[in-house]
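Please examine the sequence and the structure shown below.

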Amino acid sequence: MIRLPFLLILLSSIVFAQSQRFYYELKFKPDTIAAYELKEFFITDINPTSVKYFSLIDHKNDSIMKNASSDSEYERTQLYHYVKRDRNSFDNINYLFAGSASIQMKSHDEMKWSILPETKMIGHIKVQAAMTQFGGRKWTAWFANSIPIPEGPYKFRGLPGMILEIYDNKQYYHFTLVKNKVLDKEYDTSGILETHFGEKPLLIDKKKYTQLKLQEYKDPFADMKGENMPITIDEHGNEISTDFRQMTIEAQRNLKSNNNPIEKEFIIHYK
């Protein structure tokens, strides 16, 4: 159920002075032939000079890192493709993983929108439809003219109002705004974006990213093979050697079955 506090209607008077946080539920299919879908919550922080998009899971992980007394367990996001940009800009910094490496890439992602006459209600807010082609997919967005913030989840922006819902025509990705809040101050994302829990992302281009992903597929455990692996003992006291062959087969299967990114240009053509 969509829960949009009354606060959302009043944002226009404070949007430039304070940081706003918007929580989106994302339902997505990691594989185009998957009969199931996954669900995760993502955050769009709209700050006075920047916009940042990342998973609620890593926000919780970051909170655990900052709280030494916490006994909470870390979780792992199912979709690591975060974004940072300046306000009123289509120039994004993309944060991804290639193998065990945290990387960043720059991209310009301007969108051409067609605003449609259709309207509907989301909760108590009237929204209007718009369409765009982005990342090799056709998208329908529902935006609120009453909330003059030209932003939304991920890289979606540029409409004359906040995007409350957006999905592609095949329903592989479906974002829905579920709640929002005003932050006391801009949230420090240095442990999530600017570094990934201490690891500074390597700045590369798309060609290098593809090379790294293909290398990962060819030998997923290359980094581990040069290390002293812990010895595993079975119930009879016999040493069990690490079966890299079987591990590689499973890792390759996992890479192939999670190859349906939001933008099709990030699809890797594994052989």
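The coordinates come from a predicted model. Its largest nonpolar core contains 50 residues, of which W113, F156, L164 and F175 touch the most other members. Apart from this core lies another, made up of 12 residues, including A98, M105, L212 and I268.

Leaving aside residues up to four places away in sequence, F156 touches R85, M111, W113, F134, W139, E151, I163, I166 and F175. Two residues of that list, R85 and E151, are also joined to each other: their side chains make a polar contact at 2.7 Å.

E151 belongs to the loop between strand 9 (137-144) and strand 10 (162-168). Its relative accessibility is 0%, and because buried means under 20%, E151 counts as buried. Beyond four places in sequence, the residues that E151 touches include I46, V51, N88, R157 and G161, as well as R85 and F156.

In one of them, the ring centres of Y53 and Y154 are 5.6 Å apart and the planes meet at 75°, so the pair is edge-to-face. This pair links distant parts of the chain, since Y53 is in strand 3 (residues 50-55) and Y154 is in the loop between strand 9 and strand 10, 101 residues apart. Y53 counts as buried at 1% relative accessibility, and Y154 counts as buried at 0%. Y154 pairs with F156 too: the ring centres are 6.2 Å apart and the planes are at 55°, so this pair is tilted. Ring pairs link F42, Y53, F134, W139, Y154, F156 and F175 into a cluster.

Helix 5 can be considered in terms of its length and its buried face. It comprises 13 residues (residues 244-256), which should span 18 Å at 1.5 Å a residue; the end C-alpha atoms are 18 Å apart, in agreement with that expectation. Its buried residues are F244, T248, A251, Q252 and L255. They cover an arc of only 100° around the axis, and therefore lie on the same side of helix 5. In general, an α-helix has 3.6 residues a turn, so residues three or four places apart point the same way.

Conventions
Residues are numbered from 1 along each chain as its sequence is written. This is a predicted model: local features need pLDDT of at least 70, side-chain atom pairs count only at pLDDT 80 or more; totals for chains, interfaces and linings use all residues. Side-chain values use heavy atoms; hydrogens and water are left out. A nonpolar core is a set of buried Ala, Val, Leu, Ile, Met, Phe, Trp, Tyr and Cys residues joined through side-chain atoms within 4.5 Å. Buried means under 20% relative accessible area, exposed over 50%, partly exposed in between (1.4 Å probe, protein chains only). Contact means heavy atoms within 4.5 Å. Helices (H or I, at least four residues) and strands (E, at least two) are DSSP runs, numbered from the N terminus. A polar contact is a pair of N or O atoms within 3.5 Å; within protein, one must be able to donate a hydrogen and the other to accept it, and residues adjacent in sequence count only if both atoms are side-chain atoms. The expected span of a helix is 1.5 Å times one less than its number of residues. The arc is that of the directions from the helix axis to the C-beta atoms. Rings of Phe, Tyr and Trp (its six-membered ring) pair if their centres lie within 6.5 Å; planes under 30 degrees apart count as stacked, over 60 as edge-to-face and the rest as tilted.
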